[in-house]
Amino acid sequence: PTGNGGTATQTADTNFGHRIQTPGGTLAAGSGLPCYGCHNPHGNAHSPDGLLVRTMLDSTTTTMVGDASGEITMTTGVGMRRFCFACHTTAGSASPDTDPFGWNGAAYAIVGAGATIEGIDRTVRDAVNKRGLKLPPLSGHYRDDAQSCYECHGSDYSSATSNNVHNPGSGVSAGGQDCLNCHGATSTERLDRMISDTSLYHHVLDHATPGLAPGATNTYPTSTTALACVSCHTDHNYFNDNKGANLRVRIGDNTGARSNTDFINDAAQSFGICVSCHSVSLAKNTTGQRSSANTLGADPSTSTPAIPGATYGVSAHSYVVTSTFDDATTFSANCVKCHNDNQPKKYQTSTNRFAT
């Protein structure tokens, strides 16, 4: 196959056709994986959609390869992972990154040396020469992880160039995509809950498009009262090469300038992203998050305290604690070392992990 649904053109920069990157196998690098690698070319007598994915039949039942329940669906994270690991392999956990586990149709098991798919070794990973089907050691890739492969690699069939199984994305956004496409209701992070979750305290995403992703300079929101994901963060195209530096410098800078700290002791930089908003008292959103009346009694505070950056910068509170991301870059937490949540952090690998 040379297209994504037959409507797009194969190029060196795309994965249309689930393109083979590994040289030295039975197919040349750049070729699309044969349709029969994943699809049953003879259909399925038990289902009108028998061409969806490869199936295994016995006299009475149909079992979807990679599906946990036996139903014809790939919407579950468990099912999708098992299907993908029928070819790819992975380490059991982050440490040690050793055994090449794959799905054998019934369980995860160590894949023996010499196992191949289309002549490509399942047990090795050579990122430099793009050889092998073992996945790199990243959050989401390990045997014991749970999220669907769709979460990072795409499940959008809306256009000829969108990312999905036939044209898997690289695993990280290149920018310009709605943040909630990957970090919303189908993800483990559920940032969409920050729009109107009244069970927790959180920044409330109340911008007209809460998951706004600019994809270009000079399009970042500068409002301190209507918040989107990119009110605080830069887009992926600015921080993919340094995950620790994923914050905007200040709310008034809409160029995509990035920072790996939430407090900058410099008035010219408005003292960093947090103080650039919180230097003045702000009215609290009392409808999109938990009410402080739940804990503070009948007369709760309706506004935030003003934090003068110059005063904070010389106070005993102003010191940093670092965390490390899975690309070995660091984040220096000053404000959020205390204003931290208790949620899991997918991409920070150190003991200290921070987010609001």
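**Exercise 1: Positive phi**

Glu 118 sits in the loop between strand 5 (116–117) and strand 6. Before going on, note that this is a predicted model, where local features need pLDDT of at least 70, side-chain atom pairs count only at pLDDT 80 or more, and totals for chains, interfaces and linings use all residues. Residues are numbered from 1 along each chain as its sequence is written, and side-chain values use heavy atoms, with hydrogens and water left out.

Task: work out what phi Glu 118 has, and whether Ala 328 is buried or exposed.

Solution, step by step:
- Start with the elements: helices (H or I, at least four residues) and strands (E, at least two) are DSSP runs, numbered from the N terminus.
- Glu 118 has a positive phi of about 50 degrees, although it isn't a glycine.
- For background, most residues other than glycine have a negative phi.
- Ala 328 also has a positive phi, near 75 degrees, and is a residue other than glycine. It lies in the loop between strand 9 and strand 10.
- Now the surface: buried means under 20% relative accessible area, exposed over 50%, and partly exposed in between (1.4 Å probe, protein chains only).
- Ala 328 comes out at 62%, so it is exposed. Glu 118 has 24%, so it is partly exposed.

**Exercise 2: Salt bridges**

Task: find how many salt bridges the structure holds, and say which parts of the chain the pair Asp 326 and Lys 243 links.

Solution, step by step:
- The structure holds seven salt bridges.
- One of them joins the side chains of Asp 326 and Lys 243, at 2.7 Å from N to O.
- That pair links distant parts of the chain, 83 residues apart: Asp 326 in the loop between strand 9 (321–324) and strand 10 (330–333), and Lys 243 in the loop between helix 5 (236–239) and strand 7 (247–248).
- Asp 326 is partly exposed, at 22% relative accessibility.
- Lys 345 and Asp 341 also meet through their side chains, again in a salt bridge (2.7 Å, N to O). Here Lys 345 is buried at 12%, while Asp 341 is partly exposed at 22%.
- Asp 253 pairs with Arg 250, with the closest N and O atoms 3.8 Å apart. Asp 253 counts as buried, at 15%.

**Exercise 3: Around helix 1**

Task: say what the buried residues of helix 1 pack against, and which residues Ser 148 is in contact with beyond four places in sequence.

Solution, step by step:
- Within helix 1 (residues 77–84), the buried residues are Gly 77, Gly 79, Met 80, Arg 81 and Phe 83.
- Counting contact as heavy atoms within 4.5 Å, they pack against strand 4 (108–110) and helix 2.
- Ser 148 lies in the loop between strand 6 and helix 2 and is buried, at 15%.
- Leaving aside neighbours within four places in sequence, Ser 148 is in contact with Gly 77 and Met 80.
- The C-alpha atoms of Ser 148 and Arg 82 are separated by 9.7 Å, with the two residues 66 apart along the chain.
- A polar atom of the Ser 148 side chain lies 3.1 Å from the backbone nitrogen of Tyr 150.

Terms used:
A salt bridge is a side-chain nitrogen of Lys or Arg within 4 Å of a carboxyl oxygen of Asp or Glu. A polar contact is a pair of N or O atoms within 3.5 Å; within protein, one must be able to donate a hydrogen and the other to accept it, and residues adjacent in sequence count only if both atoms are side-chain atoms.
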